[in-house]
Amino acid sequence: MIARIWRASATPEGADGYERHFTASVLPSLRDVDGHRGAYLLRRDAADGRVEIQVMTLWDSMDAIRRFAGDDPGTAVVEPAARAVLLGYDTTVTHHTVAHHTGAHHTGVVSDGDLQ
């Protein structure tokens, strides 16, 4: 499994807007991609008042990532609706091999109950 990680920052209101965009637009589109295995949306309140956002999506293979991201899998996919609510964002992503996984196999976003 491969973890694809992307980072951004926003105001608290922008982070709320990004979360709405993520759940309403990004997740449904990811679920339609063969080889997508899950997603996490992480947020952290920074000392300067910004919110740091990190998105980690899980994939079966680089081929599955290319089905989502296109020919250059290292380039971030940031829709205009996301850009509109973010202060800044990485234009590239990193890919990491998942060396160990202790949770159940997921095909969508992790729910609160899955984290207990």
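Is Arg 67 buried, partly exposed or exposed, and what is its relative accessibility? I looked it up: Arg 67 counts as partly exposed, at 47% relative accessibility. My scale: buried is under 20% relative accessible area, exposed is over 50%, and partly exposed is in between (1.4 Å probe, protein chains only).

**Ground rules.** I am working with a predicted model, where local features need pLDDT of at least 70 and side-chain atom pairs count only at pLDDT 80 or more, while totals for chains, interfaces and linings use all residues. Residues are numbered from 1 along each chain as its sequence is written, and side-chain values use heavy atoms, with hydrogens and water left out.

**Salt bridges.** I count a salt bridge when a side-chain nitrogen of Lys or Arg is within 4 Å of a carboxyl oxygen of Asp or Glu. A search of the whole structure gave seven.

I began with Arg 67, which forms a salt bridge with Asp 34; their closest N and O atoms are 3.8 Å apart. Arg 67 lies in helix α2 and Asp 34 in the loop between α1 and β2, so this pair ties together parts 33 residues apart in sequence. Asp 34 counts as exposed, at 56%. Helices (H or I, at least four residues) and strands (E, at least two) are DSSP runs, numbered from the N terminus.

Next I checked Arg 37, which bridges to Asp 60 with closest N and O atoms 2.8 Å apart. Arg 37 is in strand β2 and Asp 60 in the loop between β3 and α2, so the pair joins parts 23 residues apart in sequence. Asp 60 is partly exposed, at 42%.

Then I found Arg 43 and Asp 16 in a salt bridge (3.0 Å, N to O). Arg 43 sits in strand β2 (residues 36-45) and Asp 16 in helix α1, 27 residues apart. Arg 43 is partly exposed at 38%, and Asp 16 is partly exposed at 35%. Glu 19 joins Asp 16 and Arg 43 in a network of salt bridges.

**The core.** A nonpolar core is a set of buried Ala, Val, Leu, Ile, Met, Phe, Trp, Tyr and Cys residues joined through side-chain atoms within 4.5 Å. The largest one here has 23 residues, and Trp 6 is among those with the most contacts inside it. β1 (2-10), α1 (12-31), β3 (51-59) and α2 (62-69) each supply at least two residues. α1 gives the most, with six.

**Helix α2.** After this helix I noted Gly 70, whose phi is positive, near 95°.
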